[in-house]
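Keep the viewer open as you read.

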Amino acid sequence: MSRTSLLTAGAVSVALLASACGGSAVPPSAASASGSAAPGGTVQLTGAGSTFDFPLFSKVFKDYQTKTGVQVNYQSVGSGSGVTQLTKRTVDFGASDFPLNDEQTKAAEAAGGPVVHVPITMGAVSVGYDLPIDGLTLDGPTLAGIYLGTITKWNDPRVAALNPGVTMPSTPIAVVHRSDGSGTTFIFTSYLSAVSPEWKSKVGASGTVNWPVGIGAKGSEGVSGQVTNTPGSIGYFELAYAKQNNIKSVTMKNAAGKLVEPSVKGASDAGAGAAANMPADLKAVFVNAPGDTSYPIAGFSWIIVFKHQKDKVKGQELIDLLKYVVTTGQQSAEPLYYAPLPKAVQDLDLKAISTITVGQ
Amino acid sequence: MASPALAVRPALALGRRRVVDRAMSVLFVAATVAAVTPLLLVVGYIAVQGAHGLSIALVTQLPAPVGEPGGGMGNAFVGSAILIAVASAIALPVGILSGVYLSEFGGGRFGDVLRFFTDVLTGVPSIVVGIVAYTILVVPLRSFSALSGGFALSIIMIPTVARTTEEALKRVPLTIREASLALGVHEWTTILRVVIPTGLAGIVTGAMLGIARISGETAPLLFTAFGSAFWQQGLLKPIAAVPLQIFQYAISPYTDWHEQAWAAALILMLLVLGLNVAIRAVTRTGFRTVR
């Protein structure tokens, strides 16, 4: 090993470091790749949270950058983590599939004042299964029974009654649920609480619950993987995972007694009803929604921001971004298996966004 | 006195020894194969899965959103290089100097304590290091940053560099030091001009081992470097990194993202393998210099 080669290695790392220290000195290829950068330096907004929102955001924020030059860096660290980061004020906005609870609200208010919940999209939670049967049908109480452990075999009379003309196998039901805190779990357990008093009293609705039965898997990718690999299994995850991985989904009997498969339209129809009696803070849960075509396991996802933005420039950029996401950005929803916000909700969102103040 | 029985015995013993020798050889070869197989399986599987996702765009372009073809993670490769540079800028001086101290002056009680702490640091889970960097850099600065990511990586790198440097310098023969001192050279000049140049190959090995150690780290970057969809924005802004990007793509439901994750994993693995091969080359030349 000669001395010169060590010096070269040193020089290379110093050069790298120098380029890194150069602040906004982006490589020449960056300017062409990122389209038109806003003159006078690029504004960058940082957000963190829901993994469910990530694919939609990656598309919407890219479009927004092409249009305005504003870079929005969103990282999918999970809903709970996104809320924590907002509270620690390390990010400009958080994204979550469940609204802040009282404890989280208190912590956030202590850190940066009141927060605003802005519903930005809706999604259906698909109940996937692995059985050599197509079009398995379940209703709420039966699904709750399975997750409570009171229904343990696929040929249980309660399951069989919902699937007339189908010979149900006698295999045991392998229940799969999330092991990590999740907005998907919040929607799923909210639904089970809505349809089963026993579930409500014994387990309840939350991002993390004490599961009576089943095995845990991390993330929707974990649950969908587990369901694919375990014959006789059942699990829940966002619609996109079911569609992309070709996993069979349970047809649910909704509040109106009609059979509906999970779909973007089913979630939209369910959400449309929610718009009519939206609470003032927009923290609405619309599981088990009325209507013939409503899919019962669906919910909002929110962007959560502080009501008062101290940084004038960033605050204004954030307001513009939110306006874009809840209006124009909704066009990107459907191809990615998200349900676009109904017009009524968009209007409520714009009203909520208009309450955000900037400056000292 | 030589009875036939006695004459036969050594032959028998030799035969048994040969059998035992064979058996043990087979056993050791089998154990070696068992140890190497996982590596070959991993390398082979990643190569098969990652090969068809390889493209120039992967290392030059920015990520494309879901549903749009193309795109890459060029920003993540640049980001990883910057993170490694920052980590090296912190860890190499600290690591090498403490290695020199441990080897040359570390005989006393303080040296033992220092050595013990260095060893403990090696065993600290990398996620814990990430939390430390998050607490002392990210939260006070109110921003995720390349700096905090590089800092976290440097903490993981320091013990590797320090201990390898120490071992390398300890191997420098006492006779060479004595020759220098006998010529009336100061101790510090001896260390700087004689001991360190002689052990340089070992020090470089330590630096490379340190870099190889940190280039695949994901956990300490989750809440420090944070990740980014854009080209780097400076040391105080969030930055992309290859392991983070692989992690994020791997847990998504989309096959084109999975493909990119595999391809990036392949590149990352080849880089680390290449670094290890380079380490071998350096060590070999190093031995020649010493002789």
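## Two domains in chain A

The C-alpha centres of domain 1 and domain 2 of chain A sit 30 Å apart. Domain 1 covers 28–123 + 299–358, and domain 2 covers 125–276; such bounds come from an automatic or database domain assignment. Keep in mind that this is a predicted model, where local features need pLDDT of at least 70, side-chain atom pairs count only at pLDDT 80 or more, and totals for chains, interfaces and linings use all residues. Residues are numbered from 1 along each chain as its sequence is written, while chains are lettered from A and ligands numbered from 1 in the order in which they are written.

Where the domains touch, domain 1 of chain A gives 23 residues and domain 2 of chain A gives 19 residues. A contact here means two residues whose C-beta atoms, placed from the backbone, lie within 7 Å. On the domain 1 side, the elements giving two or more residues are helix H4 (79–88), strand S4 (115–129), strand S11 (298–306) and helix H14 (343–353) of chain A. Helices (H or I, at least four residues) and strands (E, at least two) are DSSP runs, numbered from the N terminus. That side of domain 1 divides into 12 nonpolar, 9 polar and 2 charged residues. For these classes, Ala, Val, Leu, Ile, Met, Phe, Trp, Tyr, Cys and Pro count as nonpolar, Asp, Glu, Lys and Arg as charged, and the others, Gly among them, as polar.

## Chain A in overview

Chain A has 14 helices and 13 strands. Of its 360 residues, 49% are buried. Buried means 20 or more other C-beta atoms within 10 Å of a residue's own, exposed means 12 or fewer, and partly exposed is in between, with C-beta atoms placed from the backbone. Take the contacts in chain A with a separation of 6 or more: 72% of them come from residues 24 or more positions apart.

H4(A) packs against helix H5 (residues 102–112) of chain A at an angle of about 25°, and the axes are 8 Å apart. Axes are lines fitted to C-alpha atoms, for helices over the stretch in contact, and angles run from 0 to 180 degrees between N-to-C directions. That makes H4(A) roughly parallel to H5(A), the word used for angles under 35 degrees. From H4(A), A:Val83, A:Leu86 and A:Thr87 meet A:Gln104, A:Ala107, A:Ala108 and A:Ala111 of H5(A). This contact divides into 5 nonpolar, 2 polar and no charged residues.

Most residues other than glycine have a negative phi. A:Arg89 counts as partly exposed because it has 15 C-beta neighbours inside 10 Å.

How many of the 9 residues of helix H6 (residues 140–148) of chain A are buried? The count is 7, and among them are A:Leu143, A:Ile146 and A:Tyr147. After H6(A) comes A:Gly149, with a positive phi near 90°.

## Strands of chain A

S11(A) is mostly covered, with 9 of its 9 residues buried. S11(A) pairs with strand S3 (residues 93–96) of chain A in the antiparallel sense over 3 bridges, and A:Ala95 stands opposite A:Ile303. Pairing requires that DSSP finds at least two bridges between the strands. S4(A) and S11(A) also run antiparallel, joined by 9 bridges; there, A:Ala124 has A:Ala298 as its bridge partner.

Elsewhere in chain A, 3 strands make an open sheet of mixed pairing, in the order S5-S9-S10. Its edge strands, each pairing on one side only, are S5 (137–139) and S10 (259–260). S5(A) runs parallel to strand S9 (residues 251–253) of chain A over 3 bridges, with A:Thr137 opposite A:Thr251.

## Two spots in chain B

B:Thr205 belongs to helix H9 (residues 200–214) of chain B. B:Thr205 counts as buried because it has 23 C-beta neighbours inside 10 Å. Leaving aside neighbours within four places in sequence, B:Thr205 is in contact with B:Thr164, B:Ile279, B:Val282 and B:Thr283.

B:Phe226 lies in the loop between helix H10 (219–222) and helix H11 (242–250) of chain B. This residue, too, is a non-glycine with a positive phi, near 75°. B:Phe226 is buried, with 29 other C-beta atoms within 10 Å.

Key:
Parallel < 35°, antiparallel > 145°, perpendicular 65-115°, else oblique.
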